[in-house]
Amino acid sequence: VVDHYENPRNVGSLDRNAKNVGTGLVGAPACGDVMKLQVEVDENGRIVEARFKTFGCGSAIASSSLATEWVKGKTVDEALKIKNTDIAKELCLPPVKLHCSMLAEDAIKAALADYKLKQHPKKEESEQKA
Amino acid sequence: GDGALRPLYMDVQATTPLDPRVLDSMLPYLTAYYGNPHSRTHAYGWESEAAVEKARRQVADLIGADSREIIFTSGATESNNMAIKGVARFYKSRNKHIITTQTEHKCVLDSCRSLEAEGFRVTYLPVQKNGLIDLKELEAAFQPDTGLVSVMTVNNEIGVKQPIHDIGEICRARKVFFHTDAAQAIGKIPMDVNDMKIDLMSISGHKIYGPKGVGAVYVRRRPRVRLEPLQSGGGQERGLRSGTVPTPLAVGLGAACEVAQQEMEYDHKRISQLAERLVTKIMSEVPDVVMNGDREHRYPGCINLSFAYVEGESLLMALKDVALSSGSACTSASLEPSYVLRAIGTDEDLAHSSIRFGIGRFTTEEEVDYTVQKCIQHVKRLREMSPLWEMVQDGIDLKSIKWTQH
């Protein structure tokens, strides 16, 4: 956790308006945890780039940092399989911090859902035209 | 140990190091003079008793009391329990109502809660945004059977100083006992039990450069305050607190009080300057920082700051070379932030973003400067990583967002 916290991977932002970028924003400031996770997906459905920003404790930052590392190189469907339990295990999170890994899983799913949503309107459009 | 450097200590509200003069005073009683102060029949007992009585006078002198009004305890938690439960139970046939505040230390709140289970009624006064109680609300809270008011002098989380003089007046006029938890106040600001019309006071050793495991409770003799003892036994401490008085610890507490009396003015001036330095430097370099609690009615050595858009625990982790504490409860089992911050109306996200800086007798200017520099550096870094900061920079109003629940 300390390593991911002190040297977080993939901090930053992608262009949220780009068609192949999915953005997930989960959590609430009132709970002390907010994660923004973005993925850039290529034409083959593979995640080529990921970025995150987190308002939260060291475990939250580490969980989202790890999440960005793990999604890179996976297809959208493979990334959806990432479970919070895997994240928690990898980081050896204590029970009191498990919600951080759950939020990271939520962030991945939210980002991928956003990406899929952006693809569908185009699909519908082309289907209507046809 | 292994030569590794230890963090700077900026958490004096949690505990303080022993003043070397206090340690000096204690050592003889930890080595050669080990008698039980209640042993009446030999020199070991007599010299031990003399030391305890001297310590008792030193504690009394610090607060303008008579030494017969000082009872040694294991600490302020026990003193608070004794004062609140002891007084309530003694007078329970005629007084069933207690007034306290929402920002008291857990041991006061918990003592009140346990009394509620015994059939007492308790009013927990709210505080204003500046952390101070509203005196009019206090006056309105009195009922015909109110027996006790308990309000802490200086708050341990945000440093605000309650209007003790005024509260004392109000209570005395209504003949209601006034108890104050002065653990964070004595030895730091002048306290006089007669000036302030205080009837009971809790004192802690390890908050004033004294040893851990000892404290005292002041119990007024004129007019007489009676209390039901919590601890039964051989009748030591006027029957109010049975148990062998731990001579070395009592001596340490007494010495700490005497040293504090001597150093109070100098310490206060120096600590005020350092506190001003810390706050001014941080606020001039970093925007969106809020100081929690009244700017004026406070003890300067306890500074609680909220750094918007940065979470408290992550900042503490970043400031790993400095021993600090936060108002966030990411460190506690629940996701809820400090009840003190909630009581002053701090927005929940800001409550998760707060850090408490403690400046004490031994804090140096260099330590303050180092802490400030690291704090500024890491707040800026964490804001770069914060989606909230990013949204605010983009002109988004965070209050308009529908956040996901968990």
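The legends below describe close-up views of a predicted model.

**View 1. Tyr91(B) and Phe177(B) form a tilted aromatic pair.** Across all chains there are six aromatic pairs. In this one, the ring centres of Tyr91(B) and Phe177(B) are 5.3 Å apart and the ring planes meet at 55°, so the pair counts as tilted. The two residues are 86 residues apart, and their pairing links distant parts of the chain. Tyr91(B) belongs to the loop between helix H3 (76-90) and strand E3 (97-101) of chain B, while Phe177(B) lies in strand E6 (residues 177-181) of chain B. Tyr91(B) has a relative accessible area of 10% and is buried, because buried means under 20%. Phe177(B), at 16%, is also on the buried side of that cut-off.

**View 2. Tyr209(B) and Phe362(B) form an edge-to-face aromatic pair.** The distance from centre to centre is 5.5 Å, and the angle between the planes is 90°. Tyr209(B) is in the loop between strand E7 (200-204) and strand E8 (215-219) of chain B. Phe362(B) is in the loop between strand E13 (354-358) and helix H11 (365-384) of chain B. Tyr209(B) is buried, with a relative accessible area of 5%, whereas Phe362(B) is partly exposed at 39%.

**View 3. Lys96(B) and Arg383(B) each lie over an aromatic ring.** The charged end of Lys96(B) is placed over the ring of Phe120(B), 5.0 Å from the ring centre. Arg383(B) is found over the face of Trp389(B), and the distance to the ring centre is 4.8 Å.

**View 4. Four leucines of chain B form a nonpolar patch on the surface.** The residues are Leu18(B), Leu23(B), Leu27(B) and Leu30(B). Together they have about 320 Å² of accessible area. One of them, Leu30(B), is part of helix H1 (residues 20-30) of chain B.

**View 5. Residues 1-119 of chain A carry a domain annotation from UniProt.** The record, an unreviewed entry, gives this stretch the feature "domain: NIF system FeS cluster assembly NifU N-terminal". Within residues 1-119 of chain A, 45% of the chain is helix and 22% is strand. The end C-alpha atoms of the stretch are 35 Å apart.

Note on methods: Residues are numbered from 1 along each chain as its sequence is written. Chains are lettered from A and ligands numbered from 1 in the order in which they are written. This is a predicted model: local features need pLDDT of at least 70, side-chain atom pairs count only at pLDDT 80 or more; totals for chains, interfaces and linings use all residues. Side-chain values use heavy atoms; hydrogens and water are left out. Patches are made of residues with over 30% relative accessible area and no salt bridge: like charges are joined within 9 Å, nonpolar side chains (Val, Leu, Ile, Met, Phe, Trp, Tyr) within 5 Å. Accessible areas come from the Shrake-Rupley method with a 1.4 Å probe; for residues, only the protein chains shown count as cover. A salt bridge is a side-chain nitrogen of Lys or Arg within 4 Å of a carboxyl oxygen of Asp or Glu. Helices (H or I, at least four residues) and strands (E, at least two) are DSSP runs, numbered from the N terminus. Rings of Phe, Tyr and Trp (its six-membered ring) pair if their centres lie within 6.5 Å; planes under 30 degrees apart count as stacked, over 60 as edge-to-face and the rest as tilted. Buried means under 20% relative accessible area, exposed over 50%, partly exposed in between (1.4 Å probe, protein chains only). A charge sits over a ring if NZ of Lys or CZ of Arg is within 6 Å of the ring centre and within 35 degrees of the ring normal. UniProt positions are given in the numbering used here, feature names are shortened, and annotations may be inferred rather than shown by experiment.
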